[in-house]
Amino acid sequence: ASEMSILAVGLGLGVLFGVMDALINANPLARRLNAVYSPVSRTSVNAPAGVAIDLAYGVFIAAVFVQISPSLPGETGLAKGLGFGAGMWVFRVVMSVATTWMTHRVPPALLLYQLLSGLAEMLVLGAVAGLLLTPG
């Protein structure tokens, strides 16, 4: 994949990442589960910083996928992308949830929500990367 296609797909992944984060974190269930953090939560979000982080993360996802996709299991871009998404889930979500479980008193339902919503999010991002960045 060319640098321009990596950048374009990466920016698209970043936008998708931001939209999914908003849906995952702003819905009524998530707000209720995350209420445990309300004593230390900010009253507003720094939206420009959030957008910049999501866009940068999307480009990073695209670039890493292109570099490691030849060694990922699977014959199709979708299979490779789902495998990549599963790997992102372990390193991004599972490790974060495990740390939260060890260091904070939070409801188990919150941890389960984070694991499942994070799995869906990482699989979608991986699948899109696989479909758009795998040749052929």
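Guide: Begin with Leu125, which counts as buried at a relative accessibility of 0%. The residue sits in helix 5. The model is a predicted one.

Visitor: Which residues does Leu125 touch, not counting residues up to four places away in sequence?

Guide: Leu125 is in helix 5, which spans residues 108-133. With residues up to four places away in sequence left out, the residues touched by Leu125 are Leu13, Leu16, Phe17, Met20, Ile61 and Met88.

Visitor: How far apart in space are Leu125 and Leu7, C-alpha to C-alpha?

Guide: In sequence, Leu125 and Leu7 are 118 residues apart.

Visitor: Which residues of the largest nonpolar core touch the most other members?

Guide: In soluble globular proteins, nonpolar side chains tend to be buried together. The largest nonpolar core in this model has 25 residues. Those that touch the most other members are Leu13, Leu125 and Leu133.

Visitor: Which element gives the largest share of this core?

Guide: Helix 1, helix 2, helix 3, helix 4 and helix 5 each give two or more residues to the core. The largest share is seven residues, and its source is helix 5.

Visitor: What does Leu13 touch, not counting residues up to four places away in sequence?

Guide: Leu13 is one of the core residues that touch the most other members. Leaving out residues up to four places away in sequence, Leu13 touches Gly58, Ile61, Ala62, Leu125, Val128 and Ala129.

Visitor: How many aromatic pairs does the structure hold, and how is the pair of Phe17 and Tyr57 classed?

Guide: The structure holds two aromatic pairs. In one of them, the ring centres of Phe17 and Tyr57 are 4.9 Å apart and the planes are at 35 degrees. Since the stacked class needs planes under 30 degrees apart and the edge-to-face class over 60, the pair of Phe17 and Tyr57 is tilted.

Visitor: Why does the pair of Phe17 and Tyr57 tie together parts that are apart in sequence, and how many residues apart are they?

Guide: Phe17 belongs to helix 1 (residues 3-26), whereas Tyr57 belongs to helix 3 (residues 47-68). The pair therefore ties together parts whose separation in sequence is 40 residues.

Visitor: Is Tyr57 buried or partly exposed?

Guide: Buried requires a relative accessible area under 20%. Phe17 has 2% and is buried. Tyr57 has 22%, so this residue is partly exposed.

Visitor: How is the pair of Phe65 and Phe84 classed?

Guide: Phe65 lies in helix 3 and Phe84 in helix 4 (residues 77-103), so the pair ties together parts 19 residues apart in sequence. Both Phe65 and Phe84 are buried. Their centres are 5.3 Å apart with 70 degrees between the planes, and the pair is edge-to-face.

Visitor: At which residue does helix 4 bend?

Guide: Helix 4 has 27 residues and reaches 38 Å from its first C-alpha to its last, close to the 39 Å expected at 1.5 Å a residue. The bend is about 35 degrees, and its place is Val90.

Visitor: What covers the buried residues of helix 4?

Guide: The buried residues of helix 4 include Lys80, Phe84, Met88, Val93 and Val97. Their cover includes helix 3 and helix 5.

Visitor: Is Arg32 buried or exposed?

Guide: Arg32 lies in helix 2. Its C-alpha is 9.1 Å from that of Leu110, a residue 78 places away in sequence. Exposed requires over 50% relative accessible area, and at 57% Arg32 is exposed.

Visitor: What separates the C-alpha atoms of Ala49 and Leu132?

Guide: Ala49 lies in helix 3 and counts as partly exposed at 31% relative accessibility. Ala49 and Leu132 are 83 residues apart along the chain, and their C-alpha atoms are separated by 26 Å.

Visitor: What pattern does the protein chain follow along the sequence?

Guide: The chain has five helices and zero strands. Buried residues make up 31% of its 136 residues. Read along the sequence, the pattern is α-α-α-α-α.

Note on methods
Residues numbered from 1 in each chain as written. Predicted model: local features only at pLDDT ≥ 70, side-chain atom pairs only at ≥ 80, totals over all residues. Heavy atoms only, no water. Phe/Tyr/Trp six-rings, centres within 6.5 Å; stacked < 30°, edge-to-face > 60°. Helix = DSSP H or I, 4+ residues; strand = E, 2+ residues; numbered from the N terminus. Buried < 20%, exposed > 50% of the residue type's maximum accessible area, 1.4 Å probe, protein only. Expected span 1.5 Å × (residues − 1). Bend = angle between axes of the 7 residues up to and from the residue. Contact = heavy atoms within 4.5 Å. Core = buried A, V, L, I, M, F, W, Y, C linked by side-chain atoms within 4.5 Å.
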